[in-house]
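Colleague: I would like a close look at a single part of this model. Please keep to what can be computed from the atoms.

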Amino acid sequence: MKSLPRLDRILAAALISTLLAGPAAAETPEEKGLAIAREADRRDEGYGDSAVQMQMILRNRQGEEATREIRARSLEVADDGDKSLIIFDQPKDVEGTALLTWSHKVEDDDRWLYLPALKRVKRIAGNNKSGPFMGSEFAFEDLGSQEVEKYTYKYLRDEACGELTCFVVERYPVDKNSGYTRQVMWIDQTEYRPQKIEFYDRKQSLLKTLEFKDYAQYLDKHWRAARMDMVNHQTGKSTTLLFREYRFRNGYSDRDFDQASLKNAK
């Protein structure tokens, strides 16, 4: 029998080695979960800055509603988390209230809340991040940019989500002050957009579910949901956020996201 040429022998040996290695050489669920999170983050890089008009609809257990008009803007920061500013315009009793967030990749986010009735800026302590934001079902920690480094990950399975197929990934907050022990995310395999997130509290019980709806693409790359619905399963309350008039690359700078901007937001 004629011996294989040297190159063929090398390739054959590599193939046999790969086959023998089998599952041991495969990507672990933790590695796959992290890879999915990184890809989702990578796909949204480069938006620069954005502004959007928002409507917040609060519902109590009986279904009674209260509506608030909000503006929000954000700034992409190189090598760190994004900066964001949320400003309340209506109703009158919350007009001028503003939340400034500096997200960080590893360290705890910095948050300041301006309360016009008191005419002062209040810093939100890191151990209060799980508290509700302005009576909504969104916690302070839900509102900052969701940096990859703030969690560890585990891929669970592929699953149909509506007309799409989603990765189902579990992520675990690194920060011990988080109000959650874990979150289960459904991320579509086409564009790597979050479709649903389940939040589990410190007792490992299902606390809330957030659903993202009516995505649209901007700048031929960046996807944004026009609606988010957060349902609190333990209280029966819910909050809907409706987004309209997205604008990108407005020329914002760090000066538009400092503490002075809280009092002078326009």
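How many residues does helix α2 have, and how far does helix α2 reach from its first C-alpha to its last?

Modeller: This is a predicted model, in which local features need pLDDT of at least 70, side-chain atom pairs count only at pLDDT 80 or more, and totals for chains, interfaces and linings use all residues. Residues are numbered from 1 along each chain as its sequence is written, and side-chain values use heavy atoms, with hydrogens and water left out.

Helix α2 covers residues 29–43, which is 15 residues. Helices (H or I, at least four residues) and strands (E, at least two) are DSSP runs, numbered from the N terminus. From first C-alpha to last, α2 reaches 21 Å, close to the 21 Å expected at 1.5 Å a residue; the expected span is 1.5 Å times one less than the number of residues.

Four residues of α2 are named as buried: G33, I36, A37 and E39. Buried means under 20% relative accessible area, with a 1.4 Å probe and protein chains only. They lie on the same side of α2, because they cover an arc of only 160° around the axis; the arc is that of the directions from the helix axis to the C-beta atoms. An α-helix has 3.6 residues a turn, so residues three or four places apart point the same way.

The buried residues of α2 pack against the elements β7 (151–161), β8 (164–173) and β9 (182–188), where contact means heavy atoms within 4.5 Å.

Technical notes:
Buried means under 20% relative accessible area, exposed over 50%, partly exposed in between (1.4 Å probe, protein chains only).
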